[in-house]
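Have a look at the model first, then read on.

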Amino acid sequence: IYIQTELGYYTYVIKQDKYIVKPSAIEVVSPIPGDLGSSYERAVMNGNKTLTLTTCWPEWSNTERLIVHAEFVEWRPLEAGKPAGMG
């Protein structure tokens, strides 16, 4: 997953299969996914840089949520050019 900002490119890699949860499963969007008591500071101190993507599931429904977690790989400034895998 590539994210371009005004300063550079962030690269993330999906490390696990997508999964489905109930809307009440708020621990999936914690700074350390699955750890409801985690904080952003603790996640950074532990080296955890996770991108969480979430959407309603099934499409056009609010019954469940589809979740994907990806781990940070690298950041590169715009002037360094696009990451090798980015089209």
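**Aromatic contacts, salt bridges and a nonpolar patch**

Y12 is buried, with a relative accessible area of 14% (buried means under 20%, exposed over 50%, partly exposed in between, using a 1.4 Å probe and protein chains only). Keep in mind that this is a predicted model, where local features need pLDDT of at least 70 and side-chain atom pairs count only at pLDDT 80 or more, while totals for chains, interfaces and linings use all residues. Residues are numbered from 1 along each chain as its sequence is written, and side-chain values use heavy atoms, with hydrogens and water left out.

**Aromatic contacts**

- The structure has three aromatic pairs, where rings of Phe, Tyr and Trp (its six-membered ring) pair if their centres lie within 6.5 Å; planes under 30 degrees apart are stacked, over 60 edge-to-face, and the rest tilted.
- Y12 and F72 make an edge-to-face pair, because their ring centres sit 5.7 Å apart and their planes are at 70 degrees.
- Y12 belongs to strand β2 (residues 8-14) and F72 to strand β5, so this pair ties together parts 60 residues apart in sequence (strands are DSSP runs of E, at least two residues; helices are runs of H or I, at least four; both are numbered from the N terminus).
- F72 counts as partly exposed, at 26% relative accessibility.
- Y10, Y12, F72 and W75 come together as one aromatic cluster.

**Salt bridges**

- Searching the whole structure turns up two salt bridges, each being a side-chain nitrogen of Lys or Arg within 4 Å of a carboxyl oxygen of Asp or Glu.
- K22 and E64 make one of them, at 3.9 Å from N to O.
- That pair links distant parts of the chain, 42 residues apart: K22 is in the loop between β3 (19-21) and α1 (40-45), and E64 is in strand β5 (residues 64-77).
- K22 is partly exposed at 48% relative accessible area, and E64 is partly exposed at 23%.
- R42 and D35 also meet in a salt bridge, at 2.1 Å from N to O.
- R42 is partly exposed at 33%, and D35 is partly exposed at 25%.

**Nonpolar surface patch**

- I1, I3, L7, Y10, I14, L53 and W75 make a nonpolar surface patch of about 600 Å².
- Patch residues have over 30% relative accessible area and no salt bridge, with like charges joined within 9 Å and nonpolar side chains (Val, Leu, Ile, Met, Phe, Trp, Tyr) within 5 Å; the areas come from the Shrake-Rupley method with a 1.4 Å probe, and for residues only the protein chains shown count as cover.
- I3 sits in strand β1 (residues 2-4) and is partly exposed, at 32% relative accessible area.
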